[in-house]
Amino acid sequence: MATSPPTEVTAMRNAYVDQFPDEARVIKAAFWSSFIALAIGGTLGLVQALHRTDVFRFIQSPDYYTVLTAHGVLLAITFTIFFLVGTFTWAVTTSLDRGVVDVRFTWAWYIMMVVGTVLVAIAIFSGFLESAPSVLGSELNADVLFTFYAPLEAHPIFYIGLVLFVVGSWLAGVDWFRTWLAWRSENPDERIPLPTFMVLTTTLFWYICTLGVALSILVFLLPWSLGITDSVNPLLTRTLFWYFGHAVVYFWLMPAYMMWYIMLPKFSGGKLFSDPLARVVFVLFLLLSTPLGIHHQYLDPGIAEGYKFIAMTNTMFLLLPSLLTAFTVVASMEHGARQRGGEGYLGWLKALPWRNPIFTGMALAGLMFAAAGFSGMINAGMNINYLVHNTWWVVGHFHLTVGTAVALTFMAASYWFIPQLTGKELWNRSVALGQVLLWFIGMTFMSNAMHRSGLFGMPRRTAEPQYQGFDFEPAVGTVGEINMQVALGGVILTLSLALFLLNMIMTSIGDDSESIPDNTYAGTLSGAEDSPRILDNLKLWTAIAVVLVIIAYTLPLASIIDAGGLFGPGIEGVRLSTWVDPAVIESLSGVIR
């Protein structure tokens, strides 16, 4: 559907809402869906931090698992993916300079994702009710955590909601491909613009990696929860989840990477160092992101050590695109700083626009991601992983990745996007700058304490981390000091979140402005013309990615099915909130990984 032409008034501006008013409304709706999930999930994060550290408790320990599930699902899936679909729609339409083929289709997949989210939320939050209603023959409940594999069992509505959400994201990908194909028919000899190339490659590996979780839900978990099948194979559902579970991390990260590539150079005052290197990075993510999920299962005895070693090797190869990104983005920032008068080996850092909350938020997010890379290498190594598996170290790691590299980048980018989508000037830049700094400080406290506690074995995923008759002995500091850092970090992060939401609300209800910056991004020092055309051959890279997945997973899955059967032995579904006795919860530490 063609977008409406700009009016005489908006023709003076070049904001996104003036160029693509129909698409702007959908993107704005997706962003606000993301912000609502962030607000609820972030608040529940504070509840967890205060409860688990025993600083302030106002919920019962069984309800902790409902909070934990909601926190993980709303932040790791709902917040991130709603923001992603909005960002990718912006990137495709902006870089192709054309609207989507039919905005009604765009609204359809957005509504499907919203309906799926609502169903999932109903199932999860029913866990707070003393007597949850019975629907489809069972009580509404979904205390299955973010990693929703067997033996944890949720109500069917939870799985149905997940299916709708994922299918909605698939249709969003169809929307982007349709728009690109329409553009290509008009520009047959043109290279794929870099932002669109990033969107399409990310969408392709999303299609590949979500096949595992779709199979797990539709073939095993949903029929099991409906009573159609009597049992499931827990190791099989866990493996299918992690087939998806690590790749989804890069699905969250790709919009952050995209903004580091095309927006950080702009705000630094320079140009992207290399368009070809950026394309290589996204091709590598398409090829390597999925065939390594087994590295989350090093302690699963049902998977042979050889398969785990292969997954570890694949994971180490995935460091390459992250290192290339660090080089390219920092080189782009240095180029911008030197255009602004920066000099010296490190003196150019002072010339960067640190008072700009968009730049500062993204730069600090990138710095945190570098730290996450170091802790991630510990997780990836088999022998070292044994020391920190299922401890708070892992939680500290993904609070650096999705909690900072992704979340802080998204919040900083929102200070650019919301004025572009509304035509209204950012309410308060000083509050925005303070907000991104507070998030960085709060996450520094929290993630540092979590990593340290993991080194002496503090368990994750439990409301009562202290074992009976056992005292943890950290090498430096005390358990009390570490707990206070976690609680302090949680409070600071919640304050930062409140400031972010305030700025978004006040901006959205403000007056129209004619001073919105142009909806553009920086040029390149080395453009698409400097890269071989084979990089744009999406069919080739997708075929190679599929072959690598088949090589990595065929034998492990066949071995799991051969040992435990397709549907496994007869087991009863487990709901965490039904366990009140901490000793019982402790006994599950080997099952709930």
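This is a predicted model: local features need pLDDT of at least 70, side-chain atom pairs count only at pLDDT 80 or more; totals for chains, interfaces and linings use all residues.
On the α8 side, the contact is made by Leu 253, Tyr 257, Met 259 and Trp 260; α13 contributes Met 362, Ala 365, Gly 366 and Phe 369.

The residues of α3 that make the contact include Ile 77, Ile 81, Phe 82, Val 85, Phe 88 and Val 92. Among those supplied by α5 are Phe 165, Ala 172, Trp 176, Trp 180 and Trp 183.

Aromatic pairing was examined next. The count comes to 44 aromatic pairs. In one of these, the ring centres of Phe 83 and Phe 417 are 6.3 Å apart and the ring planes meet at 65°, so the arrangement is edge-to-face. Phe 83 belongs to helix α3 (residues 61-96) and Phe 417 to helix α15 (residues 392-422), so this pair ties together parts that are 334 residues apart in sequence. Both partners are buried, Phe 83 with a relative accessible area of 0% and Phe 417 at 1% relative accessibility. A further edge-to-face pair is made by Phe 148 and Phe 241, with centres 5.2 Å apart and planes at 80°. Here the pair ties the loop between β2 (138-139) and α5 (156-186), which holds Phe 148, to helix α7 (residues 234-245), which holds Phe 241, across 93 residues in sequence. Phe 148 is buried at 3% relative accessibility, and Phe 241 is likewise buried at 2%.

Ring pairs also link residues into a cluster, whose members include Phe 31, Trp 32, Phe 35, Phe 79, Phe 83, Trp 90 and Phe 417. Tyr 415 and Tyr 521 are among the other members of this cluster. Charged side chains were found over aromatic rings as well. The charged end of Arg 178 sits over the ring of Phe 105, 5.0 Å from the ring centre, and Arg 279 lies over the face of Phe 197 at 5.1 Å from the ring centre.

Trp 541 is placed in helix α18 (residues 538-564) and is buried, with a relative accessible area of 14%. Beyond its neighbours within four places in sequence, Trp 541 is in contact with Val 283, Leu 286, Leu 287, Ile 534 and Leu 535. Of these contacts, Val 283 is 258 residues from Trp 541 in sequence, yet the two C-alpha atoms are 7.0 Å apart in space.

Backbone geometry was considered last. Most residues other than glycine have a negative phi, and most peptide bonds are trans. A cis peptide bond joins Ala 150 and Pro 151, with omega of about 15°; Pro 151 is found in the loop between β2 and α5. Leu 145, in the loop between β2 and α5, has a positive phi near 65° and is buried, with a relative accessible area of 3%. Asp 54 also has a positive phi, of about 65°. Asp 54 lies in the loop between α2 (21-52) and α3 and is exposed, with a relative accessible area of 56%.

Methods
Residues are numbered from 1 along each chain as its sequence is written. Side-chain values use heavy atoms; hydrogens and water are left out. Rings of Phe, Tyr and Trp (its six-membered ring) pair if their centres lie within 6.5 Å; planes under 30 degrees apart count as stacked, over 60 as edge-to-face and the rest as tilted. Helices (H or I, at least four residues) and strands (E, at least two) are DSSP runs, numbered from the N terminus. Buried means under 20% relative accessible area, exposed over 50%, partly exposed in between (1.4 Å probe, protein chains only). A charge sits over a ring if NZ of Lys or CZ of Arg is within 6 Å of the ring centre and within 35 degrees of the ring normal. Contact means heavy atoms within 4.5 Å.
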